[in-house]
Amino acid sequence: MNDVFAGKHLVLGLSGGVACYKSAMLCRLLVQAGATVQVVMTEAAEQFMTAVTMQALSGRAVYTSQWDVREPNNMPHINLSRDADAILIAPCSADFIARLVQGRSDELLSLMCLARPMESVPLLLAPAMNREMWAHPATQRNLAQVQADGAQVLGVGNGSQACGETGDGRMLEPEEIMEELAAHFTAKSLQGQHLLVTAGPTFEAIDPVRGITNLSSGKMGFAIARAAREAGAQVTLVAGPVHLPTPRGVTRVDVQSARQMQTAVQSLVAGASIFIATAAVADWRPAEFSDQKIKKDGSGDVPAMDFVENPDILAGVAQSDQARSGKLYCVGFAAESHDLLKHASAKRLRKSVPLLVGNIGPATFGKDDNALLLIDDQGSKELPHASKDVLARQLVDEIAQRLSAKRP
Ligand code: C5P
């Protein structure tokens with residue numbers, strides 16, 4: 001089971017900043033994902049968020065002082081970090097970065113960072129500050145130094161800030177920090193690979209206001225893009241019309257129709273070493289597109305409509321020299337309603353792909369979980385029911401294993 005946060009223990013340090021409100025959600029997401037979270041707060045952080053809230057969300061007593069008598073040896077700075085898989089400071093204020101650079105130790109959080117075993121307890125920082133503070137040479141100098149000293153800086157977001165200004169320096173959103181943490185904890189099994197993945201439905205326009213589409217949510221393809229990036233791949237995601245945020249570090253190309261998806265794939269595939277087609281591409285499109293809205297004229301007559309077949313994007317890529325020479329590993333998906341093994345095996349041969357992933361379409365469209373059946377020339381393997389994120393990580397592992405088995 002590849003559930004990256006299960007059993008992980010994190011120390012979540014909060015320094016002073018209005019972004020503390022995001023850390024409450026981050027704590028909740030970590031706990032929901034199976035991690036245990038020990039919160040440590042500076043005095044300044046307590047101005048923005050109460051320890052009571054963080055205790056309720058983490059299910060653990062929060063530490064705010066190095067003089068905490070609850071520790072029998074009175075050494076929370078030692079005891080709290082020794083069994084941590086990582087210390088994450090979020091928000092990490094400009095002042096706290098400066099304190100880390102100086103090796104200050106006059107309050108619990110910076111003392112604990114200084115006292116951590118550097119080889120076994122990584123320190124990750126999610127900075128949060130006003131854009132001028134972020135851009136200031138002192139901050140940039142301190143960031144360079146703190147990284148040289150072994151900390152990992154997760155970056156900042158860009159946008160409107162609590163102070164009313166707009167620019168760099170916002171703390172990353174909790175979901176983005178979760179993606180960065182997942183990437184941190186994931187083995188880089190796809191390092192050096194470039195993945196091209198299609199996701200979502202296509203939309204085949206009839207007229208300016210109508211079209212044909214399907215219920216694919218794109219969640220599986222987006223989860224695969226995210227998991228592959230966590231595993232070190234460079235990822236390009238060609239997405240049909242879906243309402244999903246772009247996974248961090250992934251290049252996204254939005255398209256509407258099957259033909260636009262095909263054009264995008266054809267222009268990007270030369271740089272890819274893996275192609276995964278998860279998109280639910282419409283089989284047919286209207287033969288004619290009406291520039292103007294087709295009007296109901298009140299006669300009761302319905303408009304006649306002819307359809308033409310869409311190109312099969314996956315089959316086209318799988319037949320290319322790039323795929324046939326082994327430079328591109330192709331993976332197809334099959335959404336079936338019954339007889340999964342039989343239909344998916346036939347589809348694997350028909351599309352000439354080395355790996356075909358079957359799932360039951362009506363049971364998974366739009367849902368957050370799924371179950372997969374992997375079919376290759378060795379036989380079939382089931383990835384039992386789990387969240388799409390977990391399944392995507394398992395599928396990435398399976399693909400990485402097949403690629404490394406292919407290497408001489
Ligand atoms: O033929 P079917 O649609 O069931 O095949 C599913 C697989 O083929 C999926 O991987 C899907 O993304 C891909 N496909 C495609 N272009 C099409 C139809 C399907 O790439 N026109």
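How many of the 12 residues of H8 are buried, and what covers them?

A: The model is predicted, so local features are given only at pLDDT of at least 70 and side-chain atom pairs only at pLDDT 80 or more, while totals for chains, interfaces and linings use all residues. Residues are numbered from 1 along each chain as its sequence is written, and side-chain values use heavy atoms, without hydrogens or water.

Helices and strands here are DSSP runs (H or I, at least four residues, for a helix; E, at least two, for a strand), numbered from the N terminus. Helix H8 covers residues 174–185, and its end C-alpha atoms are 17 Å apart. This agrees with the 16 Å that its 12 residues should span at 1.5 Å a residue, where the expected span is 1.5 Å times one less than the number of residues.

Of the 12 residues of H8, 9 are buried. Buried means under 20% relative accessible area, exposed means over 50%, and partly exposed is in between (1.4 Å probe, protein chains only). The buried residues are Pro174, Ile177, Met178, Glu179, Glu180, Leu181, Ala182, Ala183 and Phe185. Their cover includes strands S1 (9–14), S3 (86–92) and S4 (123–127), and helices H1 (20–32), H9 (219–230) and H15 (388–406).

Three of these covering elements can be followed further. In H1 lies Lys22, which counts as buried because its relative accessible area is 6%. Not counting residues up to four places away in sequence, Lys22 touches Arg170, Met171, Leu172, Glu173 and Pro174; contact means heavy atoms within 4.5 Å. The side chain of Lys22 also makes a polar contact of 3.0 Å with the side chain of Glu173. A polar contact is a pair of N or O atoms within 3.5 Å; within protein, one must be able to donate a hydrogen and the other to accept it, and residues adjacent in sequence count only if both atoms are side-chain atoms.

Strand S3 contains Pro91. The peptide bond from Ala90 to Pro91 is cis, with omega near 0°.

A nonpolar core is a set of buried Ala, Val, Leu, Ile, Met, Phe, Trp, Tyr and Cys residues joined through side-chain atoms within 4.5 Å. The largest one has 37 residues, and Leu190, Ile276 and Ile399 have the most contacts inside it. H15 gives the most to this core, with 8 residues. Another core, of 35 residues, lies apart from it and has Cys20, Leu26, Met41 and Met54 among its members. Leaving aside neighbours within four places in sequence, the residues in contact with Leu190 include Ala228, Val396, Ala400 and Leu403.

Elsewhere there is a ligand. The residues around it (a heavy atom within 4 Å) include Ala277, Ile313, Leu314, Lys347 and Lys351. A backbone N or O atom of Ile313 lies 3.0 Å from a ligand nitrogen atom, and a backbone N or O atom of Leu314 lies 2.8 Å from a ligand oxygen atom. A polar side-chain atom of Lys351 is 2.9 Å from an oxygen atom of the ligand. The elements that give two or more residues to this shell are helix H11 (313–318), strand S16 (329–336) and helix H13 (340–351).
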